[in-house]
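Here are my notes on this one, point by point. Have the model open while you read.

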Amino acid sequence: MTVSELSTYLDRLESTSSRNELVKTLAELYLKSSPVEIQPLTYLIQGRLVPFFEPVEIGLGEKLVIAAIAQAFATPADEVAKLFGRLGDLGLVAAKLSAHGSSAELPVTEMHARLLEIAGAAGAGSVEKKRSLFAALLKQVDPNSAKHLVRIALGRLRLGIGDPTVLDALSFARTGDRSLRPVLEGAYNRASDLGLIAKTFWSGGEDDVNALKVTVGRPIRSQLAERLPNPEAVIKKLGLVAVQPKYDGIRVQIHKNGSVVRVFSRNLEDYTVMFSELTTAARGLKDETLILDGEAIAYSKELEEYLPFQLTASRRRQHGIEQAALELPLVAFVFDILYRNGRDLTELPYEERLALVDEVIAGSTVLLPAPIIKTDSVEVLTKTLLDSISQGLEGVVVKRPESKYQAGARNFNWVKLKRHTSGELNDTVDLVLLGYYFGKGKRAEFGVGALLAGVYDAENDRFATITKLGTGLSDAEWRQIRERADKLQVEQRPARVDSILVPDVWLKPEVVVEVMADEITPSPRHTAGKVGDEPGFALRFPRVVSFRGADKGPEDATTVKEIAQLFRQQRERKQPA
Ligand code: AMP
């Protein structure tokens, strides 16, 4: 496949406003690709060169891209910058200036390899090297490809193709329907690498995909927790449970392979360097290979207290890491082990895995075992929940002692119970920003008045609106939203967004915010949970509690199914049986 063929597909994918079309077009693209091409293609359509968990970024900022465009098309840089001011998109600038672009046919695999070379350039002279390599690449492609190439280099590809859409498209390409999605998804939950799965599927079929194993160095999709309204409901549904404190930090999966340690977040970012004390602690463990699952949280030795989420999140930084590690040291409460010395442990009962956690991290002062209490008593569970809350923790997570680790699943093997504020939703929800309205009055200053926010419809891999947000943010946060929105702005409603309301500006679904609300009400204006003429759900009096980008991607937001469940729980509370 050539770069210009791929670019034609990118145009088609970009202008699609239906998810079904997205799947079909992607399937068509896949059908045209060979087993060698399918892996790089899979990364490229998501604007990447490697899987999400590999910290390889092309690393070209606007300034460097302007310089490269200037070099490629022999145009003064200030003219390129002026054109950028007019067109607002460097991709369009490149397309315009390369009007007589090359007709040479560059294979996609070569473009991918050369972008990797650019990403890999480091050290003295690397800026010039990146610029020259990128300019050479730009010169070799047609105008439309130059447009997409620039967007990929800047991390601004606006397709918004989610991982489930890729899995559906792979199945569709081979079978004409979505029937192989469960097999592909199973492998994805174990390996988190869509490119690897696509390649394996293309060259070896279903059996080879099934044979993809849990491997140290490749993150496993996190097991997630369901919700229940109170301790009574938990004991009634689960019986005997293992109860653990719920720490409000950042989920970390720690992989140790000899002296090589990597730390991944729940949304597959690499925190190895930023959370260096965890990395060092894991390197010191005796076992050769390990995968541990836990929650990292900033801890104040002076106050002997766990610190709020925002402080833990502030450890995600590129600069001043050592100083930050001194001021806000992290510990990780390890609550699971998934792999040890070559053995996949995910099928073992939770209790057995926990016993192994204790053994593996014994003696560490940074990797700590998450304490548990086993009980089938409502009183004991209630007391443990209140104890946790009084220590400044979020609540508790209860787990079925005999359950295995189900990668990527949210089910009743794990249930979270948080503090209950009477009359209010007893929990916050995580929403994705989908668009915004221009502000009036004071808000006009920020350019953003209200935000249109939604939840994730996991079954259909779409985002459905649930509320408009206007309170809870400081002036600085409104400005921050505006800055982020500028980068995510898209011209039309993204194909995966389902909405009756039309905001002034649509956003690519990416920013996740945690929101508290008074209650969930039925609403004809919102699409979350809306089926046919039946109303959807809306949030009443929503306010933003925090930005959750540190640990959650858009697909990690609260789902429509969870909202429906919360709505039922709320009704039961109001009308006790
Ligand atoms: P939520 O993000 O509200 O869906 O809650 C689930 C998250 O709680 C997990 O992804 C973990 O990051 C976090 N968590 C904190 N403590 C625990 C624990 N003891 N067991 C499992 N998850 C925990």
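1. Let's start with Lys 147, which touches Asp 11, Gly 91, Leu 92 and Ala 95, leaving out residues up to four places away in sequence; contact here means heavy atoms within 4.5 Å. Lys 147 sits in helix H9 (residues 143–153). Its relative accessibility is 12%, so Lys 147 counts as buried (buried is under 20% relative accessible area, exposed over 50%, partly exposed in between, with a 1.4 Å probe and protein chains only).

2. Some housekeeping: this is a predicted model, where local features need pLDDT of at least 70 and side-chain atom pairs count only at pLDDT 80 or more, while totals for chains, interfaces and linings use all residues. Residues are numbered from 1 along each chain as its sequence is written, and side-chain values use heavy atoms, with hydrogens and water left out. Helices (H or I, at least four residues) and strands (E, at least two) are DSSP runs, numbered from the N terminus.

3. Next, a helix pair. Helix H4 (residues 62–72) packs with helix H6 (residues 90–97) at about 5°, their axes 11 Å apart. Axes are lines fitted to C-alpha atoms, for helices over the stretch in contact, and angles run from 0 to 180 degrees between N-to-C directions. H4 brings Glu 62, Val 65, Ile 66 and Ile 69 to the contact, and H6 brings Leu 90, Ala 94 and Leu 97. By class, the contact residues are 6 nonpolar, no polar and 1 charged.

4. Now the sheet: it is open, with 5 strands in the order E1-E12-E11-E2-E10 and mixed pairing. Two strands pair if DSSP finds at least two bridges between them. At the edges are strand E1 (224–227) and strand E10 (373–375), each pairing on one side only. On average, neighbouring strands are turned by 40° against each other, direction ignored.

5. Which strands does E12 pair with, and in what sense? Strand E11 (residues 395–399) and strand E12 (residues 410–418) are antiparallel over 5 bridges, whereas E1 runs parallel to E12, joined by 4 bridges. For E12, Gly 395 has Lys 418 as its bridge partner, Val 398 is opposite Val 415, and Arg 227 is opposite Lys 416. Of the 9 residues of E12, 8 are buried, so this strand is largely enclosed by the rest of the structure.

6. What packs on the sheet? Helix H13 (residues 231–238) does, touching strand E2 (241–246), E10, E11 and E12, with its direction at about 160° to that of E12. Helix H18 (residues 378–390) also touches E2, E10, E11 and E12, and its direction makes about 140° with that of E11.

7. On to the cores. The largest nonpolar core has 75 residues, and Tyr 30, Leu 115 and Phe 134 have the most contacts inside it. A second, separate core of 34 residues includes Leu 290, Leu 292, Ile 337 and Leu 367. A nonpolar core is a set of buried Ala, Val, Leu, Ile, Met, Phe, Trp, Tyr and Cys residues joined through side-chain atoms within 4.5 Å.

8. Last, a backbone check. Ala 74 has a positive phi near 45° and is found in the loop between H4 and helix H5 (77–87).

Definitions and conventions:
Ala, Val, Leu, Ile, Met, Phe, Trp, Tyr, Cys and Pro count as nonpolar, Asp, Glu, Lys and Arg as charged, and the others, Gly among them, as polar.
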